[in-house]
Amino acid sequence: MRSLTNVRRRWNALAALAVAAWLTSTAIAAARQQAPPPPQAPGKPADDPAAGLFVRMCSECHDTSRISSTRRTRADWEDQIGQMIEQGAKGTDKEFETVIGYLLRTFGKVYINNAKADEIVSVLTLSQKDADAIVAYRAANGRFVDFDALKKVPGIDLKTLEARKDAVSF
């Protein structure tokens, strides 16, 4: 009896979500023509094929400014894309991985005190060498307390790091 009640609650919640999604997509479709193009990642040409793929795959249901309003980690973006796939988003695994890469470069967030080097590379667009230096410095000296402490890592590309400052969380 109890599991039947849970199933009914889930179906009711899904139905409410579907209605909300339909209403939202209708409003977004009406406003979509006025949406500005998504900002480009630093150092990326305006004709970045990943940006075009992002717009094609994601703007059918969402205003791009809604998508880009919050920085997210790789896990957060993967969860978000997974939800979109469950709701019917179409594309190949390679296309979705390309979109996730674009989202990370453009709207990603990295927790610098526990990120692996590959996360640092993909979000901050630093070289592998710089990311490895950050991880090694953190291991030898402890957690970074703020952005100024992060800038003390010897030999890293401070210009790129500074340009991506808003993507770093502690």
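Helices here are DSSP runs of H or I with at least four residues, strands are runs of E with at least two, and both are numbered from the N terminus. This is a predicted model, in which local features need pLDDT of at least 70, side-chain atom pairs count only at pLDDT 80 or more, and totals for chains, interfaces and linings use all residues. Residues are numbered from 1 along each chain as its sequence is written, and side-chain values use heavy atoms, with hydrogens and water left out.

**View 1. The whole chain, from end to end.** The protein chain has nine helices and two strands. Starting at the N terminus, the elements go α-α-α-α-α-β-α-α-α-α-β. Of the 170 residues, 33% are buried (buried is under 20% relative accessible area, exposed is over 50% and partly exposed is in between, with a 1.4 Å probe and protein chains only). Take the contacts (heavy atoms within 4.5 Å) between residues at least 6 apart in sequence: 59% of them join residues at least 24 apart.

**View 2. Helix α4 meets helix α5.** Here α4 (residues 74-86) packs on α5 (residues 93-107) at about 135°, and the axes are 10 Å apart. Axes are lines fitted to C-alpha atoms, for helices over the stretch in contact, and angles run from 0 to 180 degrees between N-to-C directions. The pair is therefore oblique (under 35 degrees is roughly parallel, over 145 roughly antiparallel, 65 to 115 roughly perpendicular, and the rest oblique). On the α4 side, look for Arg-74, Trp-77, Glu-78, Ile-81 and Ile-85; on the α5 side, the residues include Phe-96, Ile-100 and Leu-104. By class, the contact has nine nonpolar, no polar and three charged residues. Nonpolar covers Ala, Val, Leu, Ile, Met, Phe, Trp, Tyr, Cys and Pro, charged covers Asp, Glu, Lys and Arg, and the others, Gly among them, are polar.

**View 3. Helix α2 meets helix α5.** With α2 (residues 49-58), α5 makes an angle of about 110°, with the axes 9 Å apart. That makes α2 and α5 roughly perpendicular to each other. Leu-53, Phe-54 and Met-57 are among the α2 residues here, and their partners in α5 include Val-99, Tyr-102 and Leu-103.

**View 4. The largest nonpolar core.** A nonpolar core is a set of buried Ala, Val, Leu, Ile, Met, Phe, Trp, Tyr and Cys residues joined through side-chain atoms within 4.5 Å. The largest one has 35 residues, and Ile-120, Leu-124, Ile-134 and Leu-150 touch the most other members. Two or more residues each come from α2, α4, α5, α6 (117-124), α7 (128-141) and α8 (147-150). Helix α5 gives the largest share, seven residues.

View 5. Ala-117, Ile-120, Ser-122, Val-123 and Leu-124 are buried in α6. The buried residues of α6 pack against α5, β1 (110-111), α7, α9 (158-163) and β2 (168-169). Setting aside neighbours within four places in sequence, the contacts of Ile-120 include Val-110, Thr-125 and Ile-134. Most residues other than glycine have a negative phi. Thr-125 sits in the loop between α6 and α7, and its 28% relative accessibility counts as partly exposed.

**View 6. Glu-60 in its loop.** Glu-60 lies between α2 and α3 (64-67), in the loop. Its relative accessibility is 54%, so Glu-60 counts as exposed. Although Glu-60 and Ala-89 are 29 residues apart in sequence, they are 9.2 Å apart in space, C-alpha to C-alpha.
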